[in-house]
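Hi everyone, and thanks for coming. Let's take a look at the chain on the screen and walk through it together.

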Amino acid sequence: MSSSYTIEIESAVPAPRLFKAAILDWHNLAPKIASDKIVSAAPVEGDGNVGSIRQFNFAPGLPFSFVKERLDFLDVEKCEAKSSLVEGGGIGVHIESASTHIKVEPKAGGSIVKVTGTSKPLPGVDVAGESEKAKAAFTGLIKGCEAYLVANPDAYN
C-alpha cells in the first residue's frame, strides 16, 4: 500500500529562479547552505537531463547516510520535475520505492512550490509520521534556498 503527501510552500522568489537553485542545481547549492545536513552532493550519472542520477551525502546522526535520486521528468519552462529514489534513504530497509513530483508556479510577489511525495513501504513496516518529516524537510529546503536567493539577488538569474 502506497503512502503519499502533498505540500504547498510559498516563496518570495520568482518561480524560474527558485527552480534553478532548489531543483536543477541543488547538488551544488545544498552543501553550501545546508552543510549541517548535506555534507556533499554530486552527479553520478548523466548530464542533468532525464535519466541523470545525483547522490546526496548526509551528516552523521541523520536517519541515513546518503540517497541517490534519478530524474524521471523535467520541464524547465514549466518549472516541473519528477524524481525517484534509486538507492539509500531507506530503500530495501523501510521502503520499496519513493518518488517526488515538484512544480514551482508563479504567484504574485514570488512563487508557490507544490510537492507530492509517494512511497511504498516494505510489508510490515510502519511509516507513520514519515510524511510529516518529509514535509518539514522539504519546507526547510525551500526556505533555506529562498533565504540564500534573497541574500544573493544576482544568483541564479
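**A cysteine in a loop**

Let's begin with Cys-79, which is found in the loop between strand 4 and strand 5. When I say helix or strand, I mean DSSP runs, numbered from the N terminus: helices are H or I with at least four residues, strands are E with at least two. Before going on, please keep in mind that this is a predicted model, where local features need pLDDT of at least 70 and side-chain atom pairs count only at pLDDT 80 or more, while totals for chains, interfaces and linings use all residues. Residues are numbered from 1 along each chain as its sequence is written, and side-chain values use heavy atoms, with hydrogens and water left out.

Phi of Cys-79 is near 55°, a positive value in a residue other than glycine. Most residues other than glycine have a negative phi. The hairpin of strand 4 and strand 5 has four residues between the strands. Tyr-156 also has a positive phi, of about 60°, and is not a glycine either; Tyr-156 lies in the segment after helix 3, residues 130-151.

Cys-79 counts as buried because its relative accessibility is 4%, and Cys-145 counts as buried because its value is 0%.

**Strands side by side**

Now the pairing around that hairpin. Two strands pair if DSSP finds at least two bridges between them. Strand 4 (residues 66-75) and strand 5 (residues 80-88) run antiparallel, with eight bridges; Arg-70 stands opposite Ser-84 of strand 5. Strand 3 (residues 53-58) also pairs with strand 4 in the antiparallel sense, over five bridges, and there Gln-55 has Lys-68 as its bridge partner.

Val-44 and Gln-55 are eleven residues apart in sequence, yet their C-alpha atoms are 6.4 Å apart in space. Contact, or touching, means heavy atoms within 4.5 Å. Leaving aside neighbours within four places in sequence, Val-44 is in contact with Ile-53, Arg-54, Gln-55 and Lys-68. Val-44 counts as partly exposed because its relative accessibility is 43%.

**Two serines**

Where is Ser-52? Look in the loop between strand 2 (38-45) and strand 3. Ser-52 counts as buried because its relative accessible area is 6%. The side chain of Ser-52 reaches the backbone nitrogen of Asp-47 at 3.2 Å. Not counting residues up to four places away in sequence, Ser-52 touches residues including Glu-69, Arg-70 and Leu-71.

Ser-111 sits in strand 7, residues 110-121, and counts as buried because its relative accessibility is 1%. What does its side chain reach? The backbone oxygen of Val-13, at 2.7 Å. Among the residues that Ser-111 touches, beyond four places away in sequence, are Pro-14, Ala-15 and Leu-18.

**The core**

Leu-18 brings us to the largest nonpolar core, which has 31 residues. A nonpolar core is a set of buried Ala, Val, Leu, Ile, Met, Phe, Trp, Tyr and Cys residues joined through side-chain atoms within 4.5 Å. Which residues touch the most other members? They are Leu-18, Trp-26, Val-104, Val-113, Ile-142 and Cys-145. Helix 1 (residues 15-24) gives the most to this core, with six residues. Seven of the ten residues in helix 1 are buried, among them Leu-18, Phe-19 and Ile-23. Val-113, for its part, touches residues including Leu-18, Val-104 and Ile-142, not counting residues up to four places away in sequence.

**One record to finish**

Finally, an unreviewed UniProt entry carries the annotation "domain: Bet v I/Major latex protein" over residues 2-119; its positions are given in the numbering used here, feature names are shortened, and annotations may be inferred rather than shown by experiment. Over residues 2-119 the chain is 15% helix and 55% strand, and the end C-alpha atoms are 6 Å apart.

Technical notes: Buried < 20%, exposed > 50% of the residue type's maximum accessible area, 1.4 Å probe, protein only. Polar contact = N/O pair within 3.5 Å; in protein donor to acceptor, adjacent residues only side chain to side chain.
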